[in-house]
Amino acid sequence: MGVSEREAEVRSFLSAYERKDIDTISRMLAEDVVLRDWNHEVSGLEAAVAEYSKNFRDAESLRITVNQILEAESGVAAELEIVVNGSQSLNVVDVFTFNESNEITSVVAYKGL
């Protein structure tokens, strides 16, 4: 079984995030994108780009390990380990949804232990 277009898009997004490549990320997001995590929520492309840019400024380095990806008709869920600054490890599940143009319309992050 091959990699679907949406799974490939999520992997590309995560790779861009790890590189702190805000230009690539901004091209992947829909104008009405919603980001939500365990702390807050932002709506709209401008707010999302600002949020990701802030995250990138706050982290000297990021490393993302994809433990597994699950796909459903409504989107893709990725179980991740994110290591910030070489020492702070976060286990999260990011759920991505897409529109008909294959743009990311939401990223909802759930934090594990």
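Select the buried residues of helix H3 and look at what surrounds them: they pack against H1, H2, S1, strand S2 (41-43), S3 and S6. Here, buried means under 20% relative accessible area, exposed means over 50%, and partly exposed lies in between, using a 1.4 Å probe and protein chains only. The names H and S stand for DSSP runs numbered from the N terminus: helices are H or I runs of at least four residues, and strands are E runs of at least two.

A quick note on what is on your screen. This is a predicted model, in which local features need pLDDT of at least 70 and side-chain atom pairs count only at pLDDT 80 or more, while totals for chains, interfaces and linings use all residues. Residues are numbered from 1 along each chain as its sequence is written, and side-chain values use heavy atoms, leaving out hydrogens and water.

**Stop 1: helix H3**

In H3, colour Leu45, Ala48, Glu51, Tyr52, Ser53 and Phe56, which are buried. An α-helix has 3.6 residues a turn, so residues three or four places apart point the same way. From its first C-alpha to its last, the 14 residues of H3 reach 20 Å, close to the 20 Å expected at 1.5 Å a residue; the expected span is 1.5 Å times one less than the number of residues.

Now click Glu46, also in H3. With 72% relative accessibility, Glu46 counts as exposed.

**Stop 2: Ile22 in helix H2**

Next, select Ile22, which lies in H2. Which residues is Ile22 in contact with, leaving aside neighbours within four places in sequence? They are Val49, Tyr52, Ser53 and Phe56, where contact means heavy atoms within 4.5 Å. Ile22 and Val49 are 27 residues apart in sequence, yet their C-alpha atoms are 7.1 Å apart in space.

**Stop 3: the nonpolar core**

Show the side chains of Phe13, Leu29, Tyr52 and Phe96: they have the most contacts inside the largest nonpolar core, which has 30 residues. Helix H1 (5-19), helix H2 (22-28), strand S1 (29-36), helix H3 (45-58), strand S3 (62-72), strand S4 (75-84), strand S5 (88-98) and S6 each supply at least two residues of this core. A nonpolar core is a set of buried Ala, Val, Leu, Ile, Met, Phe, Trp, Tyr and Cys residues joined through side-chain atoms within 4.5 Å.

Zoom in on Leu29. Setting aside neighbours within four places in sequence, Leu29 is in contact with Phe13, Leu45, Ala48, Tyr52, Glu103 and Ile104.

**Stop 4**

Move to H1, where 15 residues reach 21 Å from first C-alpha to last, close to the 21 Å expected at 1.5 Å a residue. Its buried residues are Glu7, Glu9, Val10, Phe13, Leu14, Ala16 and Tyr17. Ser15, also in H1, is partly exposed, with a relative accessible area of 31%. From the C-alpha of Ser15 to that of Ile104 is 15 Å, and the two are 89 residues apart along the chain.

Just after H1, Lys20 takes a positive phi of about 60°. Lys20 lies in the loop between H1 and H2 and is partly exposed, at 28% relative accessibility. Most residues other than glycine have a negative phi. For another positive value, jump to Asn102, with a phi near 65°.

**Stop 5: Ser106 in strand S6**

Follow the chain to Ser106 in S6 (residues 104-111). Ser106 counts as buried, at 14% relative accessibility. Not counting residues up to four places away in sequence, Ser106 touches Val33, Val34, Val95, Phe96 and Thr97. The side chains of Ser106 and Thr97 make a polar contact (2.4 Å). A polar contact is a pair of N or O atoms within 3.5 Å; within protein, one must be able to donate a hydrogen and the other to accept it, and residues adjacent in sequence count only if both atoms are side-chain atoms.
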